[in-house]
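Let's walk through this one together, question by question. Have the sequence and the structure open as you read.

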Amino acid sequence: MYTIETAGQLADKVYHMWVKAPHVAHHAQAGQFVIFRIDDKGERIPLTISAVKGDSFRVIFMTIGKTTTHLAALKAGDHIQDVAGPLGKPSETHRFGTCVLVGGGVGTANLPIIARTLKASGNKVIGIVGARNAGLLILEDEMTEACDELLISTDDGSKGFHGFAADLLKQVMAREQVDVVWIIGPAMMMKVTCEATRPAGIKTFVSLNPVMVDGTGMCGSCRVIVGGETKFACVDGPEFDAHLVDFNLLMGRLRTYQPEEKKSLEGYHAHLCACKGGDSHA
Amino acid sequence: MRISAPAKGAIPMHDRPVDQRVHDFSEVDGGMTPGEATIEAERCLQCKKPLCVKGCPVTIEIPAFLREVAAGNFPKAAAIIKEQNMLPAICGRVCPQEVQCEEQCILGLKERPVAIGELERFVADTERAQGMVAPKKQVHNGRRVAVVGAGPAGLTASAELARMGYHVTLFESLHAAGGVLMYGIPAFRLPKEIVKAEIDAVLALGVDLKLNHLVGRSVTVAELLDFDAVFLGTGAGLPYFMGLPGENLPGVYSANEFLTRVNLMHADQFPVFDTPVKRGSRVVVVGGGNVAMDAARVARRLGGKVTLVYRRREEDLPARQAETLRAKEEGVDFVMCANPVRILGDRGITGVECVRMEMCAPDQSGRPEPAPIEGSHFTIDADVFIAAIGQGPNPLLISEIPQLKRGKRGNVTVDSEFRTSMPKVFAGGDVATGAATVILAMGAAKSAAKAMDRMMREG
Ligand SMILES: Cc1cc2nc3c(=O)[nH]c(=O)nc-3n(C[C@H](O)[C@H](O)[C@H](O)COP(=O)(O)OP(=O)(O)OC[C@H]3O[C@@H](n4cnc5c(N)ncnc54)[C@H](O)[C@@H]3O)c2cc1C
Ligand SMILES: Cc1cc2nc3c(=O)[nH]c(=O)nc-3n(C[C@H](O)[C@H](O)[C@H](O)COP(=O)(O)OP(=O)(O)OC[C@H]3O[C@@H](n4cnc5c(N)ncnc54)[C@H](O)[C@@H]3O)c2cc1C
Ligand code: SF4
Ligand code: SF4
Ligand code: FES
């Protein structure tokens, strides 16, 4: 059992949570993730480690299905039954020169820890955070502090640049030499945005989010195709060279359990209405 | 035809009726009654030089425990077994006895060998029902040992070392101990409460189990080497895929994933449990070993029409004969001498294209080499595809330790005492041998524990 130390909401459908788990906190590096299993009947879900302090680490997540909705309902003092990690390979954070980190939606959660690590290795770090509207922006203060410069875009223009993060990325590339780029967000956003760096051949990392089970390389659920080769994202990634990733395959596989997920979430909501809390399993 | 009903004079089968068992995950084989057990144990000749013991990788004193069973002294029988084997209810169920202890039994020359495995199971089940007795252990000797992986190898090494007086820390990356016993072998062959009970008995020896710890990530190699000795029992969990077109379509599983979703995560009880699994209405399983049989029988229980495709002949199936027979009884269709070449479909699977195989000149293993017959392609309708074509050693940890010498297939190289190429690091089980059996993993772990003890005592 692992104790939730703080929990709260950051934006619409976006929550944060600090969890005490020394085995994770003491070893976590930028780019790695954990697997949570909330309770005995729970699914194992992967979440990125977004910050670390002492014995604890933070995750930031968006409620999209049953497990993330259940997680969002937990409070400080509650427990997560299982926390495995840190998992995955750390980000490559050696000295590149100028780095641009692009975050889309909740994918921004991954960026501060990568930004700090890159800064510590002597890089210049420019952050770009995109969201649909100002109300969905997260981690602005933290990114401002972790980066040399922070640019913001919103799809509706309610804050910062009116347009997409990809447009801001192109502006930065036009004004200065960019040596490496990270793009982390929904699969579709990563697929589209990494086209901005392809023509110039700029090294670009994306963090892939396929469906996982064990997270230790034992099941192959998380397989992705990178450069024509099958890779297991949980042990060979989750970060890969964006220009080699087969995003269509990733998005296709992410749809595998859509009907089941819908049923699970409906069951959860129905149950909550019926008993107002209590056991969260339908 | 090799697959047939049990020989005449055999002990009665205790399998539940097929129409009942294909609808649930309760155990198929009900086990012996005390009366049957005593009669069967009385058949043992109490050989002076018992050959059966030579066939048991953990050298259980078989005639001694059989004598106690024959006398109706079941607790004493349990104590004798547990001197050598802390997981008897598990081994009694899943050991391939027919090629181990029972194959060597002298009675097998003329008639039927003593049903050693079933009796071992009977004794263990009886003891568990009446309250397990902890085996003796020595006082703590101040030394600390790390064991990596809580499968049969890691559990056995932990139990042996704890009994010798070592302080054992057992690291397991999953949220449950047991390895393949928990996530691979289905409950209808090996009920999970039984696995848990035998694991608890190991932990009761004072073993400190750390779940959710992936060694190489949650524990660094340097931290690991801080222990006085290390045993690697990380298994062969890396699933192989076939490299077929269409292999990444939703609905294509490795047997590991399919079985883990059901056995460990209880996807059969979705949505009460949160993990889903595709319940195929037509499932194709590829492979012919125990893993393939288990996947096929699980898919049957999820309600699918199941076809098992194997590239050699029925008599070449490497699975245990009894399990093959049960799979057939349960309605799994066997398509032999065929191999898939392509998985059809666009957003999901619609079918599997296969080719017929002919048996040509023998290969290195002495079995005829299967070769595709040109123009013999045919299609099986399917919405779920499960590849059960084998697994390799878990690469994660061993690739973090480049000094560790590895064999051609990625397995950790060990000497006759299960030492690796690194000082104070030992390894055993599937990680050293490649995918093998529970009892071989346990036998290796026992020998390794003895060698570790000797190393630590001698300096
Ligand atoms: C390495 C990695 C890091 C991630 N980090 C974050 C993060 O920091 N914040 C965040 O909000 N989300 C993150 N995700 C995605 C997160 O795991 C899913 O949103 C979550 O599993 C959804 O679970 P659910 O039950 O709420 O939704 P469900 O209803 O089960 O699923 C909704 C969708 O989530 C995806 N999904 C479902 N199950 C899994 C699974 N076991 N593994 C991965 N994806 C799944 C599928 O696309 C599915 O269609 C990460 C995923 C990966 C692989
Ligand atoms: C479906 C199936 C059916 C089978 N049926 C039979 C049968 O009927 N009879 C039989 O005798 N054998 C059977 N086998 C084979 C048998 O299960 C294995 O040979 C045996 O489990 C090997 O034991 P092990 O301890 O070496 O490895 P495993 O059982 O694989 O255990 C390894 C453990 O180590 C953990 N681990 C791996 N890496 C790390 C790490 N870095 N840090 C921490 N933990 C780690 C894993 O999570 C796992 O729990 C079957 C196998 C399968 C897959
Ligand atoms: S452990 Fe296996 S090989 Fe040994 S006696 Fe029991 S069934 Fe036979
Ligand atoms: S070989 Fe057979 S008969 Fe002889 S002791 Fe062993 S079980 Fe009994
Ligand atoms: S999640 Fe199972 S292999 Fe990656």
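Q: In which helix of chain A does A:Thr68 lie?
A: First, a bit of housekeeping: this is a predicted model, where local features need pLDDT of at least 70, side-chain atom pairs count only at pLDDT 80 or more, and totals for chains, interfaces and linings use all residues. Residues are numbered from 1 along each chain as its sequence is written, chains are lettered from A and ligands numbered from 1 in the order written, and side-chain values use heavy atoms, leaving out hydrogens and water. Helices (H or I, at least four residues) and strands (E, at least two) are DSSP runs numbered from the N terminus. A:Thr68 falls within residues 66-72 of chain A, which is helix H2.

Q: Is A:Thr68 buried or exposed?
A: Buried means under 20% relative accessible area, exposed over 50%, partly exposed in between (1.4 Å probe, protein chains only). Leaving aside residues up to four places away in sequence, A:Thr68 touches A:Ile45, A:Phe61, A:Met62 and A:Thr63 (contact means heavy atoms within 4.5 Å). Its relative accessibility is 9%, so A:Thr68 counts as buried.

Q: Which element gives the largest share of the side of chain A that touches chain B?
A: Across this interface, 21 residue pairs are in polar contact, both at pLDDT 80 or more (N or O atoms within 3.5 Å; within protein, one must be able to donate a hydrogen and the other to accept it, and residues adjacent in sequence count only if both atoms are side-chain atoms). Elements giving two or more residues to the chain A side include H2, helix H9 (258-275) and strand S8 (82-87). The largest share is 6 residues, and it comes from S8(A).

Q: Which residue of chain A forms a salt bridge with B:Lys278?
A: A salt bridge is a side-chain nitrogen of Lys or Arg within 4 Å of a carboxyl oxygen of Asp or Glu. Chain A and chain B have 2 salt bridges between them. For B:Lys278, the closest N and O atoms are 3.2 Å apart, and the partner is A:Glu260.

Q: In S16(B), what is the bridge partner of B:Leu232?
A: Strand S4 (residues 229-232) of chain B has both faces covered, with B:Ala229 and B:Phe231 buried on one side and B:Val230 and B:Leu232 buried on the other. S4(B) pairs in the parallel sense with strand S16 (residues 425-427) over 3 bridges (two strands pair if DSSP finds at least two bridges between them). There, B:Leu232 is partnered by B:Ala427.
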